[in-house]
Structures are given as C-alpha cells and as structure tokens.
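This briefing looks at how the parts of one protein chain meet, and at a site listed in a database record. Keep the structure in view while reading.

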Amino acid sequence: MPAVIVLGTQWGDEGKGKATDQLGQDTDVVVKFNGGNNAGHTVVVNGEKYALHLLPAGILSEGVTPVIGNGVVVDLEVLFYELEEMSARGIDCTKLKISSNAHIIPSYNRIIDRSTEKSLGARQIGTTGRGIGPTYADKMNRIGLRIQDLFDPSILSQKVQSALVTKNQLLEAMGVEAIDPQTVVDELLSYAERVRPMVVDASLIVNEALDRGETVLFEGGQATMLDIDHGTYPFVTSSNPTAGGALTGTGVGPTRIDAVVGVAKAYTTRVGEGPFPTELDNEVGEALRHKGGEFGVTTGRPRRTGWFDSVVVRYSTRINGLTDICLTKLDVLTGYETIPVCVAYEVDGVRMEEMPMDQTGFHHATPIYEELPGWSEDITTARRFEDLPANAQAYILRLEELSKCRISIIGVGPGREETIVRFPLLGQ
C-alpha cells in the first residue's frame with residue numbers, strides 16, 4: 001500500500017501527528033500538503049513530547065524523507081526556528097525537502113491578518129493571525145511570493161512592490177503604518193541561501209518515490225470541517241485539508257492513491273468561532289477539556305469540547321472516500337457512566353441523518369443523542385482490541401457503524417506505543 005493520505009475528519013486537533021508519526025515508521029516519504037504554521041501536531045516518542053507546527057510529523061522517524069508540498073504556505077522565520085529547535089534535540093533535519101512552488105508568508109500578511117481580524121469585531125472568524133489566509137488570498141489573486149522567487153532578487157522585488165501598493169492602502173485605512181517594500185525584500189533574501197539546498201520539484205520527488213515502490217504518506221493539516229469548500233464556511237481555514245487537497249497540494253494524480261485514513265477523536269473539539277452542534281458549554285465540557293488536555297499546540301487556545309458527532313464523521317467519510325479511521329484519545333472517556341453519541345440532528349423540528357445542505361441549517365442543528373454505556377477500567381495498557389473492556393469495544397463498534405467506515409487504529413494514550421492496531425495499515 002504505497003500511497004496513503006492521512007487527514008482530519010472533524011475540526012482539527014484529532015491527533016493526526018501521532019497517526020502520521022506511527023505510520024511514518026513504515027514509510028519512506030512523508031509529504032505535508034496544505035496549511036502552514038497555523039496548526040500544530042503533538043507527538044510523544046519515548047516519553048519525549050515534540051510540538052510540530054510547520055514541519056511534517058515524519059521528520060521524527062529515522063530514514064524518512066520529509067517534504068513540504070506546494071500546497072503549504074511557509075513562514076521562513078518559523079521554519080528555521082523549528083529546524084533549529086529539532087536539531088538541538090537530536091532530530092536529523094537534513095533530509096527535509098521543500099517544493100519550489102510553495103508560497104511564502106511575508107511579514108506584511110501577518111500584519112494584515114491580525115489587523116483585519118481585529119477590525120471584524122464580533123464577526124471575527126478566529127484566525128491565528130499568522131498570515132495564512134492573506135497568503136492564500138495572494139496566491140489566488142496571483143500576487144503571491146513563491147520559494148523559487150528567493151533566487152531571483154529582481155523578480156522578488158517587483159512582486160513585493162506590486163503587492164504592497166494595495167496592501168499599504170489597506171493598512172493606512174486601518175490606521176496601521178505603511179510597510180517599506182525594500183525592508184521586506186531584504187528580510188526574505190536573508191533566507192535564500194539557507195533554504196536553497198532544500199528546494200526541489202516536490203511533485204517529481206514524490207512520483208519517483210512511488211515509481212520505485214516506496215511508501216508515501218500524505219499528511220494534512222487542519223481537518224475536513226475546516227476545508228474552504230466543504231467545511232463550515234466562513235469559519236474555515238484557507239486551504240483544502242481534504243483528500244482532493246492532497247493531490248493538488250503535492251502534484252500527484254488520484255490513480256496513485258491506495259488508502260485514505262481519517263483521524264477522529266473519540267469525542268469532538270474545535271478551536272475558533274463557528275457552529276458546533278455537540279458543544280458542551282458547561283462544567284462537563286470544561287472537565288473534558290482538562291482531562292483531554294485540549295489546548296492548542298500552536299496557540300495555546302482552549303479548545304471547545306463536545307461529544308462524538310457521527311453526522312460530521314459520516315460526512316467526512318463521504319467527502320474524502322475514507323478507507324479507514326484512526327480513533328484517538330479513547331482513554332480520555334474512561335470513567336464516564338454513560339457516553340452520549342450524536343446520531344442525527346434536529347433542524348426546525350425535522351430529523352436529519354446527514355449534514356444540512358446550508359449553513360443556516362447547520363447553525364440551528366441540535367444533536368439527537370444515543371446513550372452508550374461507559375467503562376471504568378484503565379485501557380492505556382491495552383494493545384489488542386480484545387484487551388478493551390466490553391463496553392469500550394461496543395463503543396468502537398457503534399462509532400464504526402455510524403461513521404460508515406471501519407475503525408482500524410485505536411489510540412489509548414498519547415505515546416507512540418499506546419495504540420491498538422485492529423486492521424493493519426502499511427504492512428504493520
């Protein structure tokens with residue numbers, strides 16, 4: 001099974017980093033295909049916790065070639081800070097490759113991001129303020145800066161000056177000081193020689209690896225419900241974290257993909273604004289937040305918490321064509337007498353088994369719950385499905401039925417080894 005996409009099925013923070021890290025041990029290439037440093041992965045290896053923001057999780061696995069694809073937006077300052085931090089901890093980062101077509105996050109887009117979000121007041125989207133959205137907007141407006149532009153100072157200078165004509169007008173209208181184009185150019189050029197050895201034709205690298213029969217893992221940031229096309233718009237990210245985004249974000253054709261693994265938390269969380277039908281905006285949700293350590297890796301923001309929403313995961317199965325689900329943080333649910341699971345919504349008095357067609361319907365959706373019996377036994381040492389308590393097994397089987405996709409991997413703790421492989425992937 002040489003080509004596998006790993007992505008989030010909810011609103012992010014499902015534990016994709018751990019899933020990618022585990023699969024990465026049996027992988028030759030791990031390529032990140034979307035997003036930037038606006039979301040992070042926490043991976044625990046031998047008791048050591050690593051917080052990854054821009055780098056692919058595969059960088060933690062020896063012998064793996066980590067690749068940043070063309071669908072990613074790159075903050076060069078963050079990139080080198082993260083590389084230095086990893087290198088200081090003994091992680092070999094010398095094999096990192098970056099697509100020449102990946103877009104750069106210039107400093108002015110960080111300023112615009114924060115200023116624009118602040119100006120929205122009560123209508124804020126919940127952006128991280130790291131310049132991600134404005135950089136993707138520049139890409140679509142054809143005024144973006146790409147990694148390859150670092151090696152042609154004349155082109156880089158022309159592009160920066162052109163982009164800042166309208167951006168400075170916007171900043172001045174918001175009461176923010178105009179930005180000097182040459183300062184931006186000088187800052188970006190200071191990274192050129194450091195990044196040059198990493199720059200490749202990522203599409204060629206990945207396709208040649210597949211031609212050799214090597215295993216390639218496509219790692220998505222954020223999640224399906226944050227997809228710019230298929231998520232809870234406008235409370236979404238600026239890229240496509242879905243399976244289709246893996247293809248356009250790396251330059252690989254759909255016929256090359258063998259499996260699509262969706263990562264789902266055993267409950268649900270989201271960060272930022274937007275509708276969230278199963279949200280527990282009470283002491284139950286607060287307790288779940290602290291028990292699960294639900295605070296953003298990159299921002300530290302507390303995550304909103306709620307029960308498992310099978311309507312959302314069923315939708316993700318359909319949108320992405322999931323072949324398998326990796327269920328994480330099952331251990332966090334230990335100790336509950338009963339565990340509610342959302343099986344459908346009620347919208348204006350009508351029961352809906354699938355996602356409402358419009359945002360207004362989703363905003364007004366109230367969950368219809370099914371109560372499942374909980375368990376009190378410690379499950380962190382379980383390594384086989386049969387090791388789980390009967391009620392935990394029943395919980396998994398019901399989620400599998402509701403999600404319309406088999407649950408192949410089950411996380412019972414944060415560590416790399418705290419995992420049950422129910423159906424092997426990548427020849428595990």
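UniProt positions are given here in the numbering used for this chain, and such annotations may be inferred rather than shown by experiment. The model is predicted. The chain is divided into domain 1, covering 3-75 + 203-421, and domain 2, covering 103-197.

**Where the two domains meet**

- The centres of domain 1 and domain 2, taken over C-alpha atoms, are 30 Å apart.
- Domain 1 contributes 21 residues to the contact, and domain 2 contributes 16 residues.
- Between domain 1 and domain 2, about 1,400 Å² of area is buried, and carbon and sulfur atoms give 55% of this area.
- On the domain 1 side, Val73, Val74 and Ser238 lose the most area to domain 2, and together they account for 33% of what that side buries.

**Polar and charged links**

- There is one salt bridge between domain 1 and domain 2.
- Asp75 and Arg110 form a salt bridge, with their closest N and O atoms 2.9 Å apart.
- Six residue pairs are in polar contact between the two domains.
- The residues on the side of domain 1 that touches domain 2 are six nonpolar, twelve polar and three charged.

**The listed binding site**

- An unreviewed UniProt entry lists Val297, Thr298, Thr299, Gly300, Arg301, Pro302 and Arg303 under "binding site".
- Pro302 sits in the loop between helix H10 (283-292) and strand S13 (304-306).
- Arg303 is also placed in the loop between H10 and S13.
- Apart from neighbours within four places in sequence, Pro302 is in contact with Arg289, Glu294 and Phe295.

Technical notes
Residues numbered from 1 in each chain as written. Predicted model: local features only at pLDDT ≥ 70, side-chain atom pairs only at ≥ 80, totals over all residues. Heavy atoms only, no water. Domains from an automatic or database assignment. Contact = heavy atoms within 4.5 Å. Buried area = accessible area lost by both parts, 1.4 Å probe. Salt bridge = Lys/Arg side-chain N within 4 Å of Asp/Glu carboxyl O. Polar contact = N/O pair within 3.5 Å; in protein donor to acceptor, adjacent residues only side chain to side chain. Nonpolar A, V, L, I, M, F, W, Y, C, P; charged D, E, K, R; others polar. Helix = DSSP H or I, 4+ residues; strand = E, 2+ residues; numbered from the N terminus.
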